[in-house]
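Thanks, everyone. Let me put the structure up, and then we'll walk through it piece by piece.

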Amino acid sequence: MNTERLNINTLNYNETVDRAADILRQGGIVAIPTETVYGLAASAYDTAALKKVFIAKGRPQDNPLIVHISDIEMLDEVAVNIPPEAYECAHLFWPGPFTMILERSQNIAKEVSAGLDTVAVRMPSDKVARDIIRASGPLAAPSANTSGSPSPTSAQHVIDDLDGKIDAVVVSGECEVGVESTVVTLVTNPVRLLRPGAVTAEQLCDIFPNLLIDNAVLANPQADEKVASPGMKYKHYAPKTETYLVEASSEDYIDFVNDINNCVAVCFEEELPKINCPKLSYGSVFDEASLAHRVFEVLRMVDELHAEKVYIHAPSKSGIGLAVYNRLIRAAAFRVVSL
Ligand code: TXA
Ligand code: MG
């Protein structure tokens with residue numbers, strides 16, 4: 001299959017949005033930019049198109065998709081029995097990097113929810129994404145990467161993974177946030193955080209003082225454990241190089257990596273001058289948003305350095321740092337070195 005490149009700019013904006021929406025309405029699958037990561041979109045009503053998404057990504061059948069809407073009026077099309085708190089969250093966090101799990105409407109294809117009676121819904125803030133959704137209707141869109149590999153934060157990452165397997169990619173800029181949306185379930189009491197993101201646990205606690213942080217956020221679910229968010233039990237984001245997450249002060253981390261042969265250090269930019277082995281910075285220790293913005297790109301670069309092992313300096317778990325930590329501990333298959 002030839003994957004059409006839809007380079008969007010101010011001159012061709014409307015016709016490119018229309019072209020992407022046309023392909024989607026006709027049952028195609030199209031990678032679209034969002035403010036978090038690129039998504040691989042299909043109509044939430046089209047069973048055959050949804051199946052193509054699972055196949056192109058190599059995604060396990062039991063891992064449900066997020067439905068993306070452009071306007072609050074679309075929420076009633078995809079979910080039912082919507083509680084007042086959902087509207088409160090929508091008011092505060094939409095459009096933006098925030099996903100709610102609600103009761104599923106029978107309108108949407110059951111493949112979206114992989115057999116669950118709930119549905120994940122998000123309204124992205126990216127203008128291109130919203131304009132495409134407005135023209136096409138609700139879109140189910142997982143991250144536009146091969147299952148298991150780091151999520152794509154540029155159109156080039158999408159092409160590296162999915163060229164020839166999808167109908168088109170809308171080529172826009174780099175994703176601003178860089179990690180996937182916060183996922184919260186409102187169908188349980190108390191409300192539960194399933195995946196941390198740029199809408200932080202601290203922000204959510206202001207609305208939900210009893211917010212539960214799901215075990216899977218920081219721990220590895222057991223093989224037989226029933227997990228609230230199926231995505232959390234799969235191997236994720238992993239470079240091919242054996243990856244470790246290192247919890248340590250800067251001083252100890254630097255001494256540790258400088259003592260090891262044949263490794264790559266993924267560190268903070270402030271540490272670069274003192275590290276003697278091959279190294280990649282993923283942002284500033286003082287700016288967790290900078291770490292989120294670059295983390296997936298750096299995970300994609302690690303293998304190019306052909307080292308035996310990679311040691312990533314763990315971020316703090318506060319604010320959006322918790323989201324970065326959550327992705328990195330999965331990239332490291334829960335191998336943590338504490339110094
Ligand atoms: O930022 C994002 O959310 C991106 C962009 C493209 O919008 N999308 C994304 O989708 O990250 P995906 O498929 O890579 O991750 C969706 C996560 C998975 O962990 C999945 O298990 C969970 O949401 N999820 C989806 N529907 C669910 C449901 N009904 N109940 C529990 N978890 C659900
Ligand atoms: Mg994903």
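Which residue in strand 15 is the bridge partner of Cys-267? It is Ser-281. Keep in mind that this is a predicted model.

Strand 14 covers residues 263–267. It is mostly covered, with 5 of its 5 residues buried. In a regular strand, side chains alternate between the two faces of the sheet. Here, Cys-263, Ala-265 and Cys-267 point one way, while Val-264 and Val-266 point the other way. Both sets are buried.

Now the neighbours. Strand 14 pairs with strand 15, residues 279–281, in the parallel sense over 3 bridges. Strand 14 also pairs with strand 16, residues 309–313. That pairing is parallel too, over 4 bridges. Within it, Ala-265 stands opposite Tyr-311 of strand 16.

Next, helix 6. The buried ones are Ala-155, His-157, Val-158, Ile-159, Asp-161 and Leu-162. What do they pack against? Three helices and strands from the list to start with: strand 1 (4–7), strand 2 (30–32) and helix 2 (47–57) are among them. Strand 3 (39–43), strand 9 (168–171) and helix 9 (288–301) are also on the list. After the helix comes Gly-164, and its phi is positive, near 90 degrees.

Hold on to Asp-161 in that helix. Asp-161 forms a salt bridge with Arg-300, with the closest N and O atoms 3.1 Å apart. Asp-161 lies in helix 6 and Arg-300 in helix 9, so this pair ties together parts that are 139 residues apart in sequence. Are the two partners buried or exposed? Asp-161 has 15% relative accessibility, so it counts as buried. Arg-300 is at 16%, and that counts as buried as well.

Elsewhere, salt bridges with shared partners join Asp-71, Lys-127, Asp-131 and Arg-134 into one network. How many salt bridges does the structure hold? The count is 12.

Two more from that set. Arg-19 and Glu-4 meet through their side chains at 2.8 Å, N to O. Arg-19 sits in helix 1, residues 13–25, and Glu-4 in strand 1, so the pair links parts 15 residues apart in sequence. Arg-19 is partly exposed, at 34% relative accessible area. Glu-4 is partly exposed too, at 28%.

The other one is Arg-25 with Asp-22, where the closest N and O atoms are 2.4 Å apart. These two are 3 residues apart in helix 1, so about one helical turn separates them. Arg-25 is partly exposed at 48% relative accessibility. Asp-22 is partly exposed at 29%.

Last topic, the cores. Nonpolar side chains tend to be buried together in soluble globular proteins. The largest nonpolar core in this model has 72 residues. Which members touch the most others? They are Ile-69, Trp-94, Phe-98, Met-100, Ile-132 and Val-170.

Take Met-100 from that group. Leaving aside residues up to four places away in sequence, Met-100 touches Ala-86, Cys-89, Ala-90, Trp-94, Val-119, Ala-120, Val-121, Val-184 and Leu-186. There is also a second, separate core of 29 residues. Its members include Val-177, Tyr-282, Val-295 and Leu-328.

That's my tour. Happy to take questions.

Note on methods:
Residues numbered from 1 in each chain as written. Chains lettered and ligands numbered in written order. Predicted model: local features only at pLDDT ≥ 70, side-chain atom pairs only at ≥ 80, totals over all residues. Heavy atoms only, no water. Buried < 20%, exposed > 50% of the residue type's maximum accessible area, 1.4 Å probe, protein only. Pairing = 2+ DSSP bridges. Contact = heavy atoms within 4.5 Å. Core = buried A, V, L, I, M, F, W, Y, C linked by side-chain atoms within 4.5 Å. Salt bridge = Lys/Arg side-chain N within 4 Å of Asp/Glu carboxyl O.
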